[in-house]
Amino acid sequence: MVKQFNCSADCKPELHYMVNMYDNLVQIKHMVDQGLYFPINYARQYGKTTTLHALEQLLKGEYIVLSMDFQMFSAADFQTEKDFVETFSTEILESVQIQDSAEDTMYPDTFRHFKGLSDGTAPNHKLSILFRAVSRWCGFSDKGIVLLIDEVDSACKYPVFLDFLSQLRGYYIVRDKKPTFHSVVLASVYDLKNLKSKIGEEYQMNSPWNIAADFNIDLSLTEQGIDGMLQEYERDYATGMDTHEMSSLLYAYTSGYPYLVSRICKLLDEKVSISGPFQTKSSAWTKSGFLMALRILLEEDNPLFESLDNKLIDYPDLKQSLQELLLQGKMLEYIPSDLGVRMAVMFGFVKIKNSMITVANRIFETRLYNIFLAEHSRRSTSMPPAAEKNQFIHNGHLDMELVIQKFADFYREIFDGRKVQFLEDYGRCLFLLYIKPIINGTGNYYIEARTRTNRRTDVIIDYNGRQYIIELKIWHGQEYQKRGEKQLAEYLDSYQSKCGYLISFNFNQNKKTGIRRILIDGKSIMEAIV
């Protein structure tokens, strides 16, 4: 059977191209071997289900593994304690039966007890009775019993689940006296140590599962891991691709976010290779093909993007924090008590680096900019029409000098005299609003995370195989400006470029505006002060 790149449900090694997970699985198994109870908290479509299924296979033989998916439970299964106990007991019996005979794995009286809880014939269906049965089973079992539960988020709103967590906590604390599960692993987006955003007030003061160990294993894909996956694909199709170049591009734009890596690869394999100027897999698996796949990805509505978009609607504090980070260039410290920042981390929009937050990857950043800029564009009647874009394209290439000149004219004509605070907060996004319709359909842009501050933003534009580096700055005096020019010249070296562009937004009342060209260390810089 021919393998595919998979973007839905879990990945299966025999069916899908995937990165080798063994090193991560060994680390997770070590936590299980230590008898730890821990959550795997990651954003949507980050490989949690794939990880749990692979972990189950690794643990079998050494442990009895009870693997459940709360997404398979119905709402009715969580309505009462009896409903939950019946369903949970049924899952135990079915999970054991898959591995071996349930009657052989359990003593007959324990099997009958779970059977009675499962079919409703037991006289009592309390959670405490369920856990006593589990404790007896764990006490006589020759193997440790490991509980794996996926999609825990779907149960967080039900009080019976929180009572279930409390029972797990209680038995864990007295496990030296009352045998219990050897290890428990719960996969979710929400941090189960802090369920305040999902539960009622009566549970908000104390987490019912504050025994959880920290899970610090990085599930993001490495550049080397992506390279290995592409080499497997290359053995099947012999496209002649440079796997090192492609894995470097994939990692640079996704930062190893599993879904994004798989989605771009799937687009290259199944869509780019039969469209436009490519038509073959060999021509698709190139930088040009990659950039086309990236454009397709940014314009589509896939389950991951839909989930992220909904979070922006559901959590205004989250949206506000992201707008401050992107549009205003604020440096935001990770403070757990800041709801917007905490949500941004939990949902995967951002990551923590040196106690500060930064957008998780270039694709998310561009997607968020597109959303926020579209909102600004709808409110503005001053932006130039997209029909004017043709004047900036010559022989398929972008005339960036003309773009800078026209933007400076447009800015002076329309925005001079506006309130300083308005421009200070939003002036830099005006350039993105201006450039976006010009490059749409052919080019991409992203913001260079290494240089984004409240004083400096570098925009990198990929257009028809060529890169343009444009630095956007707030004017803070002549000396600061000279240092900025020097920094841009040095920064161009990392992109092996001889030409760069600098736009300075000057809010001084007696400002001097205009355009000039300067030469620094062999680099040509076109500078516009507006």
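**Close-up views of a predicted model**

**View 1. Helices α13 and α14 cross.** The axes of helix α13 (residues 303-314) and helix α14 (residues 316-326) come within 5 Å and cross at roughly 105 degrees. Axes are lines fitted to C-alpha atoms, for helices over the stretch in contact, with angles from 0 to 180 degrees between N-to-C directions. The two helices are therefore roughly perpendicular to each other (65 to 115 degrees). K311, L312, I313 and D314 of α13 meet P316, L318, K319 and L322 of α14; contact means heavy atoms within 4.5 Å. These residues divide into 5 nonpolar, no polar and 3 charged. Nonpolar covers Ala, Val, Leu, Ile, Met, Phe, Trp, Tyr, Cys and Pro; charged covers Asp, Glu, Lys and Arg; the others, Gly among them, are polar.

This is a predicted model, in which local features need pLDDT of at least 70, side-chain atom pairs count only at pLDDT 80 or more, and totals for chains, interfaces and linings use all residues. Residues are numbered from 1 along each chain as its sequence is written, and side-chain values use heavy atoms, leaving out hydrogens and water.

**View 2. An open sheet of 4 strands.** The order is β1-β4-β3-β2, with parallel pairing (at least two DSSP bridges between two strands). β1 (37-41) and β2 (64-69) are the edges; each has a single partner strand, so one side of each lacks a neighbour in the sheet. The twist averages 15 degrees from one strand to the next. Helices (H or I, at least four residues) and strands (E, at least two) are DSSP runs, numbered from the N terminus.

**View 3. β2 pairs with β3.** Strand β3 spans residues 145-150 and joins β2 in the parallel sense over 6 bridges. I64 stands opposite I145 in β3.

How values were computed. Parallel < 35°, antiparallel > 145°, perpendicular 65-115°, else oblique.
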